[in-house]
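Me: I am new to this structure. Could you show me how to read a few of its features, step by step?

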Amino acid sequence: MAPAGDASRHGSGDGTFDVAIIGAGVIGCALARRFTLEGARVVLIEKAADVLDGASKGNSAILHTGFDAPPGSVEAACIAEGYREYLEIRARLNLPLLKTGALVVAWTDEEVATLPDLIAQARANGVDDVEPLTEAEARRLEPALGPGVRAAFRVPREYVIDPWSAPHAYLRQAVENGARLMTAAPVTAGVFDGSTWRLETPRGAVRAGLVINAAGLWGDRLDDLLTGTTDFTIRPRKGQFVVYDKPAAALAGHILLPVPNKVTKGIVVCRTAFGNLLVGPTAEEQEDRERAGLVPETLEALIRRGTEILPALKDHEVTAIYAGLRPATEFKDYRIRVEAARRYVTVGGIRSTGLSSALGTAAHVHRLVAGLLAGHQAIADPVWPRMPMLAEDETRDWQCPGNGGVVCHCERVTRREIEAALDGPTGARSLAGLKRRTRVTMGRCQGFYCSAALAAITAGRLAVPMTADPTTTVPPATAGDDA
């Protein structure tokens with residue numbers, strides 16, 4: 001394999017790549033990994049100063065089986081394949097997995113009546129180990145459930161993961177095997193000459209034989225910019241969350257899911273990989289694609305709903321609040337379209353299941369365009385980077401010698417972890433990005449005690465200095481595309 005800095009893997013001498021992927025969210029990172037491992041020269045282009053800065057920064061961090069996806073849909077197939085691949089590769093990349101299982105809980109007669117259809121849907125999607133439960137059986141599994149439970153069913157293979165380490169791992173594996181990452185590089189124009197695209201960015205032009213639009217919340221706008229048309233419209237859907245302090249995690253062993261409706265999966269209560277308990281998300285459509293504002297009344301309603309599901313939550317403190325946007329469209333299914341003659345692919349409308357489906361979506365897209373990339377050979381012996389472990393129930397760096405001392409005591413983040421997260425071509429370029437890579441400032445004090453030390457460590461090393469970074473309430477406990 002060529003070394004990471006070799007132009008033969010980063011592009012030809014004139015800056016031409018086989019594939020240009022626009023948008024470095026979880027889907028873009030997974031696409032970069034898949035196409036790089038398959039032997040393509042890849043560039044990943046992101047308009048923000050750091051990756052995972054759009055929809056991928058705020059979600060519920062569940063690895064879904066796809067039990068409730070529309071049977072026969074592209075979404076269902078991508079979730080199933082992505083789920084399998086995550087389980088296959090996570091140990092090599094040092095990614096965590098909490099084998100919680102999930103309970104879908106019915107609280108009303110109407111919800112009870114829908115359970116048989118949901119179970120049938122799960123089985124149609126290949127999730128055939130679901131278990132119907134009576135009220136008594138559900139309470140034996142989750143004694144802290146509130147009054148009013150009527151029935152439930154268990155989905156044993158719904159799990160909790162670290163939603164940021166996963167896409168960061170996909171990106172690192174892509175880059176360490178030859179892909180190039182361009183941040184702070186919004187695509188402003190593009191021209192296709194019949195064989196090659198020329199994309200204009202403030203950091204210079206990029207030439208590529210194939211363009212993949214993975215722009216998330218801006219996917220329809222990018223379609224229109226580059227091709228003059230689009231077949232979907234992004235309708236940003238905001239999800240607000242509340243995050244409880246770590247002692248609350250003992251209240252729920254399973255992911256507690258509501259009976260979903262046509263609009264949303266509903267309010268979830270579950271542990272996080274980082275030892276907290278979260279309640280959310282809401283489902284609020286809005287026009288703004290950039291800001292996910294927090295609404296006190298909505299957060300108070302979330303807290304009330306959380307205490308209805310788990311009454312003992314009233315005795316626990318809320319550590320943090322956050323909101324994320326998912327790129328919903330007017331369609332139920334993903335919007336994946338290949339224009340072979342124009343060598344252009346759209347991967348859009350990846351709404352609430354992107355974290356779970358990302359690896360499968362990347363494999364699906366690669367199969368669709370394999371004929372356009374003839375002659376490439378998969379890397380025989382790729383680099384497999386190992387990610388820093390951030391899960392609460394695994395061995396952490398603060399427990400290991402030579403870590404330089406703990407900087408963030410709430411989340412027990414060491415100086416060595418911070419320094420490592422700042423280094424290299426995929427290193428943090430903003431405080432928000434550093435948080436997602438280390439969890440620094442995300443604990444009980446939200447950075448009150450460690451910000452001064454952190455500012456000293458990061459001085460001159462962030463594209464967006466701490467003194468100028470407004471994202472002081474970046475998702476504090478979990479994140480990705482699964483809101």
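Me: Is Leu-52 buried or exposed?

Reply: This is a predicted model, so read each value as computed. Leu-52 is buried, because its relative accessible area is 0% and buried means under 20%. Leu-52 sits in the loop between S2 and S3. Its phi is near 60°, a positive value in a residue other than glycine.

Me: How many residues of H6 are buried?

Reply: H6 is mostly covered, with 10 of its 12 residues buried. Among them are Ser-165, Pro-167, His-168, Tyr-170 and Val-175. These buried residues of H6 pack against H2, S2, H3, strand S8 (180–182), H9 and helix H11 (431–438).

Me: What span does H6 reach, and what follows it?

Reply: H6 reaches 16 Å from its first C-alpha to its last, close to the 16 Å expected at 1.5 Å a residue. Then comes Gly-178, whose phi is positive, near 120°.

Me: How do I read a helix such as H3?

Reply: Start with the general idea. An α-helix has 3.6 residues a turn, so residues three or four places apart point the same way. Now the case here. Helix H3 covers residues 74–93, which makes 20 residues. From first C-alpha to last, H3 reaches 27 Å, close to the expected 28 Å.

Me: Where does H3 bend?

Reply: At Leu-87, by about 35°. Just after H3, Asn-94 takes a positive phi of about 65°.

Me: Which residues of H3 are buried?

Reply: The list includes Glu-75, Ile-79, Tyr-83, Tyr-86 and Leu-93. The buried residues of H3 pack against helix H2 (26–37), strand S3 (62–63), strand S7 (159–160), H6 and helix H9 (354–369).

Me: Glu-75 is on that list. Which side chain does a polar contact join to Glu-75?

Reply: That of Arg-351, at 3.1 Å. Arg-351 lies in the loop between strand S19 (344–348) and H9. A polar atom of the Arg-351 side chain also lies 2.8 Å from the backbone oxygen of Lys-332. Arg-351 is buried, with a relative accessible area of 9%.

Me: What about nonpolar residues?

Reply: In soluble globular proteins, nonpolar side chains tend to be buried together. Here, the largest nonpolar core has 53 residues. Val-19, Ile-21, Leu-31, Phe-35, Tyr-86, Tyr-170 and Ile-212 touch the most other members. Strand S1 (16–22), H2, strand S2 (42–45), H3, H6, strand S11 (206–213), S19 and H9 each supply at least two residues of this core.

Me: Which residues does Leu-31 touch?

Reply: Leu-31 touches Ile-21, Ile-212, Ala-214, Val-347, Ala-362 and Val-365, not counting residues up to four places away in sequence. A second, separate core has 31 residues, including Ile-119, Val-160, Phe-274 and Leu-278.

Me: Now strands. How many bridges join S14 to S15?

Reply: First, the general idea. In a regular strand the side chains alternate between the two faces of the sheet. Strand S14 (residues 268–271) and strand S15 (residues 277–280) run antiparallel, joined by 4 bridges. Val-268 has Gly-280 in S15 as its bridge partner. The hairpin has 5 residues between the strands, and in this hairpin Gly-275 takes a positive phi near 95°.

Me: What kind of peptide bond joins Gly-280 and Pro-281?

Reply: A cis peptide bond, with omega about 0°. Pro-281 lies in the loop between S15 and strand S16 (284–285).

How values were computed
Residues are numbered from 1 along each chain as its sequence is written. This is a predicted model: local features need pLDDT of at least 70, side-chain atom pairs count only at pLDDT 80 or more; totals for chains, interfaces and linings use all residues. Side-chain values use heavy atoms; hydrogens and water are left out. The expected span of a helix is 1.5 Å times one less than its number of residues. The bend at a residue is the angle between axes fitted to the seven residues ending there and the seven starting there. Buried means under 20% relative accessible area, exposed over 50%, partly exposed in between (1.4 Å probe, protein chains only). Contact means heavy atoms within 4.5 Å. A polar contact is a pair of N or O atoms within 3.5 Å; within protein, one must be able to donate a hydrogen and the other to accept it, and residues adjacent in sequence count only if both atoms are side-chain atoms. A nonpolar core is a set of buried Ala, Val, Leu, Ile, Met, Phe, Trp, Tyr and Cys residues joined through side-chain atoms within 4.5 Å. Two strands pair if DSSP finds at least two bridges between them.
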